[in-house]
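Visitor: Got a model on my screen. Can you walk me through it?

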Amino acid sequence: MTYEAQFFGFTPQTCMLRIYIAFQDYLFEVVQAVEQVILKKLDGIPDCAISPVQIRKCTEKFLCFMKGRFDTLFGKMEQLFLQLILRIPPNVLLPEDKSQEMHPYSEEEFQLLQKEIEQLQEKYKTESCTKQALLAELEEQKIVQAKLKQTLSLFDELENVGRDQGTSDFRESLVFLVQNSRKLQNIRDNVEKESKRLKIS
């Protein structure tokens, strides 16, 4: 009875179970109250031959009898409730299902819609993965662009140094830097040789 559960917010069987438990609890409380009244009345009768134990046995027998009668009646009541009261007729639609009446579709159409939904979900996953890959590539390009900017600024600085030294062409300044670095390397080698010779002597 899923449609009934959708409408009521609970299953009819759950409702009937709660009614059954409530009736049983009430019956038990009533029998206990009757037993207490009988025991109080017996206390007021002098030399009474009936003991509280006998009262308890009789109360339990009465409770079993009432419970059996109640179970029989409740079974019939449950059938009536489930068939006539807690049941939505097959020709009735809930407000949220009215669109099905206006736009009916067959099982084949439903299967086609399901396939289309699955295809769209797959496309969405693919697009999402592609987007993530493009974002990662964009981040890499930003890093490369930053490095290129550093390299260009280094070349600008080298060109400025070349201008300061009187060479306007970058190639000339690069040749000038290579020559100077070689001269510095030769000076360093000479210094190292001289320091080794001095240590030996």
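Predicted model: local features only at pLDDT ≥ 70, side-chain atom pairs only at ≥ 80, totals over all residues.

Guide: Start with a rule for rings. Rings of Phe, Tyr and Trp (its six-membered ring) pair if their centres lie within 6.5 Å; planes under 30 degrees apart count as stacked, over 60 as edge-to-face and the rest as tilted.

Visitor: Which residues do ring pairs link into a cluster?
Guide: Y20, F23, F70 and F74 are joined into a cluster by ring pairs.

Visitor: Are Y20 and F70 buried or exposed?
Guide: Both Y20 and F70 are buried. Buried means under 20% relative accessible area, exposed over 50%, partly exposed in between (1.4 Å probe, protein chains only). F70 counts as buried because its relative accessible area is 16%.

Visitor: And why is the F23 and F70 pair called tilted?
Guide: Their planes are at 35 degrees, so the pair is tilted; the ring centres are 5.3 Å apart. F23 in helix α2 and F70 in helix α3 are 47 residues apart, so this pair too links distant parts of the chain. F23 itself is partly exposed, at 41% relative accessible area.

Visitor: Now the helices. At what angle do α2 and α3 cross?
Guide: Roughly 155 degrees, for α2 (residues 12-43) and α3 (residues 52-85), and their axes come within 10 Å. That makes α2 roughly antiparallel to α3. Axes are lines fitted to C-alpha atoms, for helices over the stretch in contact, and angles run from 0 to 180 degrees between N-to-C directions. Under 35 degrees counts as roughly parallel, over 145 as roughly antiparallel, 65 to 115 as roughly perpendicular and the rest as oblique.

Visitor: What residues make up the contact of α2 with α3?
Guide: The contact has 21 nonpolar, 3 polar and 5 charged residues. Ala, Val, Leu, Ile, Met, Phe, Trp, Tyr, Cys and Pro count as nonpolar, Asp, Glu, Lys and Arg as charged, and the others, Gly among them, as polar.

Visitor: Where's P52?
Guide: P52 is in helix α3. P52 is exposed, at 54% relative accessibility. P52 and L39 sit 13 residues apart in sequence and 6.8 Å apart in space, C-alpha to C-alpha.

Visitor: Switching to cysteines. How many disulfides?
Guide: The structure holds 0 disulfides. A disulfide is a pair of cysteine sulfur atoms within 2.5 Å. C15 is buried at 19% relative accessibility, and C129 is exposed at 55%.

Notes
Residues numbered from 1 in each chain as written. Heavy atoms only, no water. Helix = DSSP H or I, 4+ residues; strand = E, 2+ residues; numbered from the N terminus.
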